[in-house]
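Hello,

Here is the structure I promised to pass on. Please open it first, then read my notes below.

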Amino acid sequence: MRDLGRIGLDLEATDTLPREVRAVRLPASLLPGSALPGASVELFGLRFQTSSAESIVAAVAARRDDGPRMIVTANVDHIVQLNADPAFRSAYSRAAARTLDGMPLVWLARAACRRPVHRVTGHDLLGCVLADPPPFARRIFLVSARQDAADALAARLRAKGLPEGAVASAVPPFGFESDRDYSRDLAARIRAHGTTLLVMGVGAPKSEIWIDRHRSVLGNPVVFCIGDALNVAAGYLTRAPGLMQRLGLEWIFRFLQAPRRLFRRYFVKSWRFIGIAARGRIVDHGG
């Protein structure tokens, strides 16, 4: 076990939330997803799996939970939002698995572990089912930001052998996460479909919070919260070249694709990550 100071989720001193919700600090034995095999590392008070996408997905699919088995992919923006949003922290704490997507998080974990740490993105999660859909992915529901992308991805999955009707989709309206009637109907559609894999492509934190709030009525599908990775898989967005990904510069490529939408995230909010990391803690859990 390696302790490198304190990388927690403390709120700013001016925040008015009670002290007991200012950090996510659960005992390791009580952390959701702690039974997953393989190595992990504790960052920001949460345990993250550091093995490959294939092994993480297989382990989550093998679980027999009573509710959705959600996999979340953490990046710098997620850490900043976790620091400020109790509902997002709650959803993250109940995820079946948390992976390291953003390269700064991967570098922090590698510094703590001094052993291989896999970066696992939403693209990697989808890659586990697109080439040859495994048994747990035989009834897929796509929650997408655009219908054409959902249709294209559904066609791609059918081309891999899934029968007609095995893939369903919905494109929620803006603000759907706060619309009780729409959310109730969407959750009912997902369950009635017999969904075994739910793919949330509408961004964070709304995807994770929505799943957590409706976990009692969704059944027990595996859930991928993958944001724009759905649009990339459908062919409507281009991913950064491999070199930019390895150098931690993928964010620049994404920003250039949607500068108005991403300016605040990358050039205003993300600077808070430095302060959060400076007062944090990393614990290596081996494996």
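The axes of helix H11 (residues 250-257) and helix H12 (residues 259-267) come within 7 Å and cross at roughly 145°. Axes are lines fitted to C-alpha atoms, for helices over the stretch in contact, and angles run from 0 to 180 degrees between N-to-C directions. Helices (H or I, at least four residues) and strands (E, at least two) are DSSP runs, numbered from the N terminus. On the H11 side, the contact (heavy atoms within 4.5 Å) is made by Trp-251, Arg-254, Phe-255, Leu-256 and Gln-257. H12 brings residues including Pro-259, Leu-262 and Phe-263.

This is a predicted model: local features need pLDDT of at least 70, side-chain atom pairs count only at pLDDT 80 or more, and totals for chains, interfaces and linings use all residues. Residues are numbered from 1 along each chain as its sequence is written, and side-chain values use heavy atoms, without hydrogens and water.

Now look at helix H5 (residues 122-130). Its buried residues (under 20% relative accessible area, 1.4 Å probe, protein chains only) are Gly-122, Leu-125, Leu-126, Cys-128, Val-129 and Leu-130. Among the elements that cover them are helix H1 (53-62), strand S3 (69-74) and helix H6 (147-159).

Next, Thr-121. This residue sits in the loop between helix H4 (103-113) and H5. At the start of H5, a side-chain oxygen of Thr-121 reaches to within 3.2 Å of the backbone nitrogen of His-123. Is Thr-121 buried or exposed? Thr-121 is buried, because its relative accessible area is 2%. Leaving aside neighbours within four places in sequence, Thr-121 touches Thr-73, Asp-101 and Arg-239.

Best wishes

How values were computed
Buried means under 20% relative accessible area, exposed over 50%, partly exposed in between (1.4 Å probe, protein chains only). A polar contact is a pair of N or O atoms within 3.5 Å; within protein, one must be able to donate a hydrogen and the other to accept it, and residues adjacent in sequence count only if both atoms are side-chain atoms.
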